[in-house]
Amino acid sequence: MDLVPVTAMVRKDLRLFLSDRRSVIVSFIVPIAIASFFGSIIGSNNREPAPIAIGIVDEDGSTIAKALSAGVQGDKRVAVTVSGRDEAKSQVRQGKVNVAVVIPAGFGERSGRALFAGGAKPELELLVDPSRGPEVALVRGILTEHAMEAVTREMFGGRTGRQLIDETLRQVDVSGMPAAQAQLLRDMLASVRRFYEGTSQPGGGPGGGPGFSMPYTVREEAVTARDLVAYNAYAHAFAGMGIQFLLFASTNLGIAVLLERQRGLWKRLRSAPISRRVLLGSKIASGAIISLLTLLVSFGFAMAVFRVRISGSVAGFLLVAVACSIMSATFGLLVAALGKTEGSARGVAILAVLLMVMLGGAWVPTFIFPAWLQRMTVVIPVRWAVDGLDAVTWRGLGLSSAMMPTITLLAFAAVFGAVALSRFKWEEV
Amino acid sequence: MLEMRGLRKAFGSTVAVDDVSFGVQAGTLVAVLGPNGAGKTTTVSMIAGLIAPDRGEVRIGGAKLAGDTNPAKRRIGLVPQDIALYDELPARANLEFFGALFGLRGDALGRAIGSALDLVGLRDRAGDRVGTFSGGMKRRLNLAAGLLHDPDILLLDEPTVGVDPQSRHAIFENLAELKRRGKALLYTTHYMEEAERLADRIVVIDRGRVIADDTLEGLYARTPAAVGQGRGAGGAPVSHVSLETVFLTLTGRSLRD
């Protein structure tokens with residue numbers, strides 16, 4: 001095979017690509033900008049998440065209510081605004097506050113009784129922004145922690161608690177409970193009273209004891225293939241955006257073939273003694289090179305600026321990147337083969353790319369999809385590309401983890417190429 | 001040099017070219033004259049290998065032309081009707097690319113580019129982007145792109161469409177020079193004055209069929225005015241017979257219909 005025409009066609013396509021400022025910006029700068037944004041909002045474990053905005057409305061004013069409010073305000077996971085009910089409601093409505101907690105009148109007394117003696121439990125009213133479901137769940141947990149602490153501290157050491165213990169002791173005498181059991185309860189309550197009297201603050205303020213607290217703390221450890229491999233959200237974001245924009249670049253290359261037809265340029269190509277295989281092979285080669293450049297420039301930026309690392313196999317990374325680029329180039333050829341006009345081909349191709357990247361996990365990881373959708377997305381080539389790049393970057397896996405994505409991407413390339421070849425319009429009038 | 005025998009091509013139920021046969025000798029220009037849709041471009045496309053004829057054959061130097069990679073395609077240069085150039089690239093880069101398609105490289109490519117640019121008078125604009133060229137300059141560069149590999153046969157498909165008179169004259173001069181160099185030129189047009197000025201032979205095509213293949217004088221001799229020895233219908237004297245009259249006589253309708 002004469003390589004002169006092949007290299008000439010590839011070089012020409014690269015020159016055309018680089019001479020088009022818009023193409024260069026779209027292929028190199030836009031994915032970097034979008035991936036940087038996605039990476040920053042997805043965040044990483046190395047950074048504290050933004051506190052949840054919550055409002056507290058204290059309609060009770062009891063010692064327990066004040067302690068609950070103070071406990072929540074001291075929690076770093078939330079940013080608290082104390083206000084009246086109407087103002088809190090307005091803030092939730094405007095989206096300034098995700099959840100407002102209303103502590104109703106009588107909460108302190110009834111919660112104490114509910115802890116010791118059962119009975120009706122008081123309600124904490126939550127005014128929630130319906131679009132902030134995950135935050136509301138977290139706020140429930142935070143409230144549970146601080147409510148238990150506030151109520152038990154007061155009940156075991158505060159004035160309210162002492163009054164309730166005295167009252168319960170009196171009731172034991174008239175309860176008709178068996179004498180042995182009544183004695184045991186009396187002993188327990190008296191012991192609790194004596195214990196907390198030693199630690200309570202003088203003057204009948206809030207109980208000085210610690211109250212109940214969470215009986216455990218949590219230590220999280222990121223589990224990746226190797227020690228010291230930290231998750232970096234930018235790795236996924238740049239993989240996803242890089243793949244999206246290399247598909248866009250290949251789409252443009254396919255459109256360029258349509259335009260070459262319209263402008264009669266394809267006639268010149270076909271009039272030369274060049275085989276169809278060489279013509280299409282050159283297009284695939286130039287498309288793959290441009291795609292690979294797009295991906296490598298994106299990752300290069302991510303490595304330099306956001307400390308993304310190929311923590312796994314470098315060879316695996318290159319294999320997946322090359323296979324993904326070839327798949328993308330054959331997709332561009334498919335656009336050229338199936339497209340009729342520039343406008344219609346561009347519209348359909350962009351729709352196809354957006355569907356592929358959306359379902360392939362390029363925007364958000366596929367693990368947040370429903371299980372049935374996760375199973376279905378194995379037919380999307382982007383899914384394999386993203387998973388393959390994730391595996392060898394932040395997961396730190398070896399070459400073997402890149403083999404299946406590489407083979408699958410090449411299989412997609414073969415299918416795209418075969419369909420393009422069978423549907424390509426060769427005759428020029 | 002170039003010979004077509006019984007070419008036929010149909011697109012669905014429409015027969016674009018039917019039993020077209022004629023030849024072009026070295027150092028001559030054959031004009032293929034016919035109205036739009038007559039089958040001129042389809043004929044050129046079959047000769048250039050852009051489409052395969054349903055029937056018939058194209059021979060170059062006696063050898064049948066068939067297949068995408070037939071080396072005989074190197075003996076053909078195509079100047080398509082469209083301005084088939086990359087506006088985004090400089091003229092030289094365009095010519096480097098089209099030359100490389102025919103296997104040219106290095107010094108040979110450089111010499112071919114220089115020679116082609118000299119012929120069309122664009123050497124001083126070689127470094128400029130084609131997008132900055134006028135329509136006439138683009139047409140001349142379009143011609144140069146078909147000449148790079150020094151073909152024996154040049155297929156020119158309406159190469160002066162949309163060109164100003166000055167550039168058209170320059171293109172005619174270029175073609176005359178190529179003819180002097182012994183090239184076989186096939187020139188399609190629906191401009192009668194171009195055929196009259198340039199052609200050694202004229203092939204008239206209408207509705208996909210060759211209805212005349214003769215010299216200009218031979219075609220004139222077929223008209224009633226010529227038979228009447230310089231007098232038109234009604235006996236009025238005429239200064240000369242035009243190809244318009246010839247076409248009307250042969251087909252019964254105007255070339256511009």
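**Note on a predicted two-chain model**

1. Start with chain B. Strand 6 of chain B and strand 7 of chain B run parallel and are joined by four bridges. Strands pair if DSSP finds at least two bridges between them. Helices (H or I, at least four residues) and strands (E, at least two) are DSSP runs, numbered from the N terminus. Ile76(B) has Ile153(B) in strand 7 of chain B as its bridge partner.

2. On the basis of the note: this is a predicted model, where local features need pLDDT of at least 70 and side-chain atom pairs count only at pLDDT 80 or more, while totals for chains, interfaces and linings use all residues. Residues are numbered from 1 along each chain as its sequence is written, chains are lettered from A and ligands numbered from 1 in the order in which they are written, and side-chain values use heavy atoms, with hydrogens and water left out.

3. Strand 7 of chain B also runs parallel to strand 8 (residues 184–189) of chain B, through five bridges. Here Leu155(B) is the bridge partner of Leu186(B) in strand 8 of chain B. Is strand 7 of chain B mostly covered or mostly open? Five of its five residues are buried, so to speak of it as mostly covered is a matter of definition: buried means under 20% relative accessible area, exposed over 50%, partly exposed in between (1.4 Å probe, protein chains only). Ile153(B), Leu155(B) and Asp157(B) point one way, Leu154(B) and Leu156(B) the other way. In a regular strand, side chains alternate between the two faces of the sheet.

4. Helix 2 of chain B is mostly covered too, with nine of its 11 residues buried. Among them are Asn94(B), Phe97(B) and Phe98(B). What covers these buried residues? The cover includes helix 1 (3–19) and helix 10 (265–271) of chain A, and helix 3 (106–120) and helix 4 (135–145) of chain B. Contact means heavy atoms within 4.5 Å. Just after helix 2 of chain B, Gly103(B) takes a positive phi of about 85°.

5. Now the rings. The whole structure holds 15 aromatic pairs over all chains. Tyr86(B) and Phe98(B) have ring centres 6.2 Å apart and planes at 15°, so this pair is stacked. Tyr86(B) lies in the loop between strand 6 (76–79) and helix 2 (91–101) of chain B, 12 residues from Phe98(B) in helix 2 of chain B. Both residues are buried. Rings of Phe, Tyr and Trp (its six-membered ring) pair if their centres lie within 6.5 Å; planes under 30 degrees apart count as stacked, over 60 as edge-to-face and the rest as tilted. In chain A, ring pairs link Tyr234(A), Phe238(A), Phe301(A) and Phe306(A) into a cluster.

6. The charged end of Arg268(A) sits over its ring, 5.0 Å from the centre. Arg168(B) lies over the face of Tyr191(B), 4.8 Å from the ring centre. The test is NZ of Lys or CZ of Arg within 6 Å of the ring centre and within 35 degrees of the ring normal.

7. Chain A has an open sheet of four strands, order 2-1-3-4, with mixed pairing. Its edge strands are strand 2 (78–82) and strand 4 (125–128) of chain A. Strand 3 (residues 99–103) and strand 4 of chain A pair in the antiparallel sense over four bridges. Ala100(A) stands opposite Leu127(A) in strand 4 of chain A.
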